[in-house]
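This report covers a domain interface and aromatic ring pairs. Please keep the sequence and the structure at hand while reading.

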Amino acid sequence: MKKRPLGQNFLIDPGIAQQIIQLAHIQPGEPVVEIGPGKGILTQLLIQQTDSLTAIELDPQLSRDLQKRFGDALSFELVEGDAAKFDYSSLGIGLNIVSNLPYYAATHIMKKLIHYRKHIRSMTLMLQKEVVDRLTAKPGQRAYGSLSVYVQYHCEVQRLLEIPNTAFSPTPKIDSSLIGLMPLPQPRVRVEDPKLFFKMVNSAFFHKRKMLKNNLKDWRHLFNKENGQARLAGIDLNRRGETLSLDEFADLANYLHAQNG
Ligand code: SAM
């Protein structure tokens, strides 16, 4: 298969396009942002759902075609540019993001959107299945890692739909899944110092198969021993990071914060 430099695998199944729009649950009057509209299979449906649709497309030729096709509609605005660099706060609040994200930049763009979470009501995103496995993973599951913690800390996460690779042209090697992310008004767990929290979470998963006592060596001076077992904030450091819940990560980070502060 020819390499698509901009992740241009276009959805060609109109039934799946309809399902995606229904699952996005856009309420009348709410603004919508589509990232990477491509040849417009979702755009043509979204434009009927809202009186404000902003579409951000990086490819100049596709942008010209989209402008020709939808440019007359007053509700439609095309931005030719990089969705990873766009200032979403310029569009106000209550945004509903809908996208079949380009694989090469999917995680990067999703993190950017989470950065703008105060402006966003919902994200309905199609991503590679393996990434969605990570976003929805619970403690103890193989796919659970720092990305699961990051996204679940900020958002309500719902797996919505499985999409086989045959729904795209050209056919990619991998299957996709649709996910719904709703930014939470407050993070899921109370954390005194979010920077320290994420530093510690990233360290805990640094060597996935290693125990916490090996991954959290930066804080070794704070370890204590109970019955010969190393512990931190009451957590047994013979455990692996992949077994810790968000609450337990928060307990660890808040303990470290208290010790330094
Ligand atoms: N929405 C269309 C569909 O479902 O068929 C196209 C999806 S295709 C997987 C990804 C689209 O994103 C392509 O049109 C590609 O040109 C565009 N794209 C790639 N990188 C982008 C970026 N950084 N910012 C905005 N659009 C981008």
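Which residues do ring pairs link into a cluster? The cluster is made up of Tyr150, Tyr153, Phe197 and Phe198. The model is a predicted one.

To the contact, domain 1 contributes 12 residues and domain 2 contributes 14 residues.

## Interface between the domains

The size of an interface is often given as the accessible area lost when the parts come together. Between domain 1 and domain 2 about 930 Å² is buried, and 71% of it lies on carbon and sulfur atoms. Of the area that domain 1 buries against domain 2, 52% comes from Tyr144, Val149 and Tyr153, more than from any other three residues. Tyr153 is also one of the residues in the ring cluster.

Polar contact, by contrast, is found in four residue pairs between domain 1 and domain 2. The side of domain 1 that touches domain 2 consists of six nonpolar, five polar and one charged residues.

## Aromatic pairs

The structure contains nine aromatic pairs. In the pair of phenylalanine 86 and tyrosine 88, the ring centres are 5.0 Å apart and the planes stand at 80°; because an angle over 60 degrees counts as edge-to-face, this pair is edge-to-face.

Phenylalanine 86 is buried, at a relative accessible area of 14%. Tyrosine 88 is buried as well, with 0% relative accessibility.

Note on methods
Residues are numbered from 1 along each chain as its sequence is written. This is a predicted model: local features need pLDDT of at least 70, side-chain atom pairs count only at pLDDT 80 or more; totals for chains, interfaces and linings use all residues. Side-chain values use heavy atoms; hydrogens and water are left out. Contact means heavy atoms within 4.5 Å. Buried area is the accessible area (1.4 Å probe) that two parts lose on being put together, summed over both. A polar contact is a pair of N or O atoms within 3.5 Å; within protein, one must be able to donate a hydrogen and the other to accept it, and residues adjacent in sequence count only if both atoms are side-chain atoms. Ala, Val, Leu, Ile, Met, Phe, Trp, Tyr, Cys and Pro count as nonpolar, Asp, Glu, Lys and Arg as charged, and the others, Gly among them, as polar. Rings of Phe, Tyr and Trp (its six-membered ring) pair if their centres lie within 6.5 Å; planes under 30 degrees apart count as stacked, over 60 as edge-to-face and the rest as tilted. Buried means under 20% relative accessible area, exposed over 50%, partly exposed in between (1.4 Å probe, protein chains only).
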